[in-house]
Amino acid sequence: MNKNNIFFLIVAFVLICTGCTKKFEDINTNPAKITEAGATEIPFMFSKAESAGTIQRSYYQTISILMPDIFAQYYALTTTSFQTDRYALNDTWLSRPGIVTYVLTLPQLQTIFSVTAPTSGEYALANIMYVYVFHRLTDYYGPVPYFHAGESSLSIPYDPQDQIYADMFKRLDSAVTNLKALNGANVFGTYDIIYGGDTKKWIAFANTLRLRLALRISGIAPDEAKTQAEAAVRAGVMTTSDQSGYIQRSLNGDDANGLSFNAADNEFSMSSTMASYLKGYADPRLPVYFQPAVATGQFKGLRNGSPATAINLPGNRPAQTSNVGTRWATWSKDANAWVANLAVSEPVLHAAEAYFLRAEGALNGWDMGGTAQDLYEQGISVSMQEWGITDATAVSNYIHSNAVPAAPGDEANSPAVSTTPVKWAATETDQRAQIGTQKWLCLFPDGVEGWAEFRRSGYPAMYPLLESDNPDLPVGKFINRLPYSSVDAATNGVELKKAQAMLGGPDNAATHVWWDVN
């Protein structure tokens with residue numbers, strides 16, 4: 001066994017033994033056991049890192065749907081079995097982003113680093129995936145083990161976010177430089193289950209990720225954010241929908257689409273926040289993202305934070321609310337059940353996001369290669385194209401519409417969630433709200449990023465929870481981070497105390513991460 005994985009295997013063992021939900025299967029093999037790897041193994045290891053790092057099926061329910069997707073208010077729960085919709089956090093689940101990162105993904109990438117040249121294309125793609133996985137992890141918690149992750153020690157230090165972000169920028173810059181030197185040569189071929197080895201698309205992916213990270217730190221480190229954002233745009237970010245990163249999913253092992261798998265259980269629905277925006281805007285993406293309720297044929301959402309009594313109201317039962325779109329699951333009248341499309345690809349990074357990031361950067365006074373309005377409108381167009389909406393007239397009408405969010409028609413009789421229109425507004429305050437709202441819509445179904453951007457920017461406007469079961473987050477307050485779990489305390493307690501001291505507040509869900517100064 002590679003001794004570098006001792007610490008994280010202990011973490012994994014504790015995690016696996018501390019409980020499960022019906023979607024979490026025990027791991028009976030050691031996923032971090034790596035002995036020797038050569039040229040024939042490296043491509044397969046990259047595939048495994050891609051699949052695990054983008055959240056495989058067996059982890060998707062607990063660390064995507066039941067936490068960030070709910071916190072981003074893409075969905076609301078239609079079951080009383082879980083309480084994360086009211087911010088009651090499950091200690092067992094809090095550890096699982098770590099097992100995805102440190103046990104299922106990191107060993108693959110570190111092995112690639114150890115057997116390939118630092119200037120190689122293989123090393124560059126591994127570096128990009130390394131940043132992708134770690135930026136999500138650190139944005140969950142704040143300080144995490146980063147620089148010494150995987151070392152042969154039972155005590156691994158946690159690193160502050162500012163230092164992690166600085167290193168991630170360096171990694172992305174290096175990766176792009178080395179990929180450009182390949183002049184379009186393919187890397188990993190079909191073993192790359194996102195781009196099929198297309199290094200030109202990986203360059204655009206890396207630069208877009210760099211732009212995302214630059215905006216993330218724009219409130220806390222505006223000068224560095226400007227430098228990184230402008231460098232990313234100069235180097236070439238995504239501009240067309242066919243550059244969007246989608247990972248192939250399959251029926252092999254745990255590689256199925258996690259959203260599809262869980263949609264078949266119909267334990268969550270479109271949220272009222274989503275319904276207010278999509279219905280009020282007459283958004284063409286509504287019937288793509290969601291589908292009409294089985295019982296009524298109408299699009300209907302549910303308020304986040306609903307107590308059990310509200311969830312059990314006849315009008316809030318699963319058949320009365322909207323499941324995700326037919327891309328992920330379809331209703332079978334014959335079987336009287338949902339049928340999951342388990343092999344459908346999963347979005348990893350949307351090209352449209354780059355336009356909204358650039359639009360915000362332009363409002364900041366940065367050189368983003370266009371005006372804020374033009375970039376905002378192009379972002380909407382590209383998002384529509386990505387989801388198959390190609391009617392140019394319909395897209396143009398939407399962009400120039402004076403429509404505003406509407407009352408969602410939920411059982412809570414909620415009013416419209418905001419007054420933010422689609423058509424480009426006259427004031428910077430309204431423009432920032434528009435950019436944040438449309439970016440949130442374009443990011444669907446990526447709740448990890450949707451939640452992170454809501455925390456950073458404060459957009460879009462969301463409904464407060466109807467009820468909160470978290471004393472640190474009374475009604476009217478939104479969740480800011482995931483606390484560290486008891487597994488961290490049990491396996492790395494001395495270093496955890498140092499990490500908690502870096503937080504600038506209690507180790508709870510109300511404390512803000514480093515970049516969240518909104």
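**Salt bridges between helices**

Aspartate 173 is partly exposed, with a relative accessible area of 37%; here, buried means under 20% relative accessible area, exposed over 50%, and partly exposed in between (1.4 Å probe, protein chains only). The model is predicted, so local features need pLDDT of at least 70 and side-chain atom pairs count only at pLDDT 80 or more, while totals for chains, interfaces and linings use all residues. Residues are numbered from 1 along each chain as its sequence is written, and side-chain values use heavy atoms, with hydrogens and water left out.

The side chain of aspartate 173 meets that of arginine 210 in a salt bridge (3.2 Å, N to O), a term for a side-chain nitrogen of Lys or Arg within 4 Å of a carboxyl oxygen of Asp or Glu. Because arginine 210 lies in helix α8 (residues 199-216) and aspartate 173 in helix α7 (residues 161-180), the pair ties together parts that are 37 residues apart in sequence. Helices (H or I, at least four residues) are DSSP runs, numbered from the N terminus. Arginine 210 is buried, at 8% relative accessible area.

Arginine 212 forms a salt bridge with glutamate 353, with 2.8 Å between the closest N and O atoms. This pair links helix α8 to helix α14 (residues 351-363), across 141 residues, and both partners are buried.

Glutamate 453 and lysine 439 form a further salt bridge, their closest N and O atoms being 2.3 Å apart. Glutamate 453 lies in helix α18 (residues 447-457) and lysine 439 in helix α17 (residues 428-443), so parts 14 residues apart in sequence are tied together. Glutamate 453 is buried at 4%, as is lysine 439 at 2%.

A network of salt bridges links Asp139, Arg212, Arg216, Glu353, Glu360, Lys439, Glu449, Glu453 and Arg456. The whole structure holds 21 salt bridges.

Conventions:
Helices (H or I, at least four residues) and strands (E, at least two) are DSSP runs, numbered from the N terminus.
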